[in-house]
Amino acid sequence: MNPTPSPPPDRLPVAPARTVWREVRRSLRGRIPALLLLGLVLLGAAAAGLVSPLALGVVVDAIAAGSRDTGLLWGLGAAMAGAIVAAAALTGLGIVLGSRLFETVLADLRERMVASAFTLPQQRVERAGSGDLVSRAGDDVTAVANAIPEVLPALSVSLFTIALTVAGMAVVDPWFALVLLVVVPVHVLAVRWYLRTAPPVYAAERAAMAARAQQLLDSLHGLDTVRAFRLHRRHVDGISRSSWQVVRWVMRTVAVQNAFFARLNLAEFLGMAGLLVAGFVLVGAGQSTIGATTAAMLLFLRLFAPINSLLFVVDQLQSALASLGRIVGVIAEAGTGTGISTGAATGTATATGTTGTATAGTGTGTTDAAPASAPAALRLRGVHHSYRDGHPVLHDVTLDVEPGETLAVVGATGAGKSTIAGLAAGTHDPTRGEVTRPTAPGQVALVTQEVHVFDGTLRENLTLAAPGASDGELLRALDRVGASALVDALPSGLDTRLGAAATTVSPAQAQQIALARVELAAPALVVLDEATAEAGSLDAHRLDAAAAAVVAGRTALVVAHRLSQAAAADRVAVLRDGRVVELGTHAELVAAGGEYSRLWAAWSAGR
């Protein structure tokens, strides 16, 4: 099995170690006093742990010398008991302080990762696959969170304990400290082998988990399509293959762990043997005492736990660092702007409105409602677009939408309608060609059929688009999209909490709320990508009227789900296989007897 597979080129990046530590240091800003306190507590715990082995060495020498001083024994016993209690208390306090500190750092990184993900261009996230982002926000955050209670205490406590124990050995007899040099190379070689072998294996394991998550999400999100085209077996096989890839990489990590543990056992054997030989020689030569040898052996035995803990958690540490690199990779991607399309588009403006499905927050600002923006032109010139190299979706599309004009786009599924909507709204950039649209923030609004109602009041859901809007402005916007009855039906009007855990609204009402956001945002350009597609037959006319009211007087591109929307538009563009094959008014296209005329005849007959 190749331990270093090449990551898919479209996946979000994994941050290098230097970037990871830079972002961790950034999250530690303002928390340096807590970090220093943690260091002092762990240093005290390690120092208290030295008392018992040294005291037992004194006891052995006292017994060997025939001492009958019971006061010495009681004093040493009390010192050992007090040291054990102090070490336990300080270690426990250190674990609590360390977990609290580093959980806070992880929370900061997680929040910055989510905030960064929202700033990435939609096309960048789509190229990477939502499963990649979901696995970073889920699996990788969980891996780091699970590592904190085990890795950080072991890492911090072990380092302090090892340093002070070696110093204590040198105090007992420098020769005992030198014996440890026999063990150090074995540990160093074991760790170097592990650090060289393990990281790519863990990175591949995480990548396999991301691929499995993507496969599951694709199958679940497209469940209706899978059922309609009877693709069950293909998707089950895909999930099975991706799951077995995860299993293979997990087994590979287990093999690496077992090889690492075998090297650690060899180091323990060499250390014990070396100390026994050194003690035998030194005591035999009269250069040391049995008590000193006993203390040295007890100190070394005491090192087993921290050394093994330290080296054992290297395994978890590598897994956590791999996950941390993926988390920070999202932050770095957004911070450097490398996620922005580098296609050949010229003069392409990127401006998204406040009504899209990615809108977040509750909008509690104090600014006034957005003033109405003057209609602005939308122009696509020789636009080509591909989501993946070698798979073109649009071919040389040229369209003009004049200020205040509504252009409807119709065509079969897969013709490229939603891609044109994404280009118009700025969520995609063309692979080649030019898109001209309004560039000021908030001047372009996109509404898709996947609208969202956030957990919060109706007022908060609306003021996402206009944070300072008055109740009168909110009510007028709802009235314009035909949703006055919704406010009257809610128990607390605008203050009614919506969402899965509160009052739920129907799909048609959710679309009305989204259209009301557009009205409040008052953009210069409105893009509706089948925004009323979820409406049933009873709601279709009402939502079409709401959409017509919102686009009235504004420049609009409407991906029409029903041909009644196209008939009401100023002009209609017909797409087939990513090309504009017809363009004109509804009347002109019906009279031309072409593809649109046939679609209109079939739609009219089915009404």
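**Entry 1: a leucine to start from**

Which residues does Leu-458 touch, not counting residues up to four places away in sequence? I looked this up and found Leu-478, Val-487, Leu-490, Gly-493, Leu-494, Thr-496, Leu-498 and Ile-513. Touching, or contact, means heavy atoms within 4.5 Å.

A note to myself on the source: this is a predicted model, where local features need pLDDT of at least 70 and side-chain atom pairs count only at pLDDT 80 or more, while totals for chains, interfaces and linings use all residues. Residues are numbered from 1 along each chain as its sequence is written, and side-chain values use heavy atoms, with hydrogens and water left out.

**Entry 2: the whole chain**

I noted 19 helices and eleven strands in the chain. Helices (H or I, at least four residues) and strands (E, at least two) are DSSP runs, numbered from the N terminus. Of the 607 residues, 47% count as buried; buried means under 20% relative accessible area, exposed over 50%, and partly exposed in between, with a 1.4 Å probe and protein chains only. I also looked at contacts between residues at least 6 apart in sequence: 80% of them join residues at least 24 apart.

**Entry 3: the cores**

Back to Leu-458. I found Leu-458 in the largest nonpolar core, which has 36 residues; Leu-458, Leu-462, Leu-478, Leu-520 and Leu-528 touch the most other members. A nonpolar core is a set of buried Ala, Val, Leu, Ile, Met, Phe, Trp, Tyr and Cys residues joined through side-chain atoms within 4.5 Å. Among the elements that give two or more residues to this core are helix 12 (458-462), helix 13 (471-480) and strand 5. Helix 15 gives the most, with eight residues. A second, separate core has 25 residues, including Leu-12, Ala-15, Leu-28 and Leu-133.

In what order do the six strands of the open sheet lie? I read 5-8-9-3-10-11, with mixed pairing. Two strands pair if DSSP finds at least two bridges between them. Strand 5 (444-448) and strand 11 (579-584) are the edge strands, each pairing on one side only. On average, neighbouring strands of this sheet are turned by 15 degrees against each other, direction ignored.

Five bridges join strand 5 to strand 8, and the two run parallel; Val-444 has Leu-525 as its bridge partner in strand 8. In a regular strand the side chains alternate between the two faces of the sheet. In strand 5, Val-444, Leu-446 and Thr-448 point one way and Ala-445 and Val-447 the other, and all are buried.

Four bridges join strand 1 (residues 378-388) to strand 4, and Arg-379 has Thr-436 as its bridge partner in strand 4.

**Entry 4: two packed helices**

At what angle do helix 7 and helix 9 pack? For helix 7 (residues 174-221) and helix 9 (residues 232-284) I noted about 170 degrees, with their axes 9 Å apart. Helix 7 is therefore roughly antiparallel to helix 9. Axes are lines fitted to C-alpha atoms, for helices over the stretch in contact, and angles run from 0 to 180 degrees between N-to-C directions. Angles under 35 degrees count as roughly parallel, over 145 as roughly antiparallel, 65 to 115 as roughly perpendicular and the rest as oblique.
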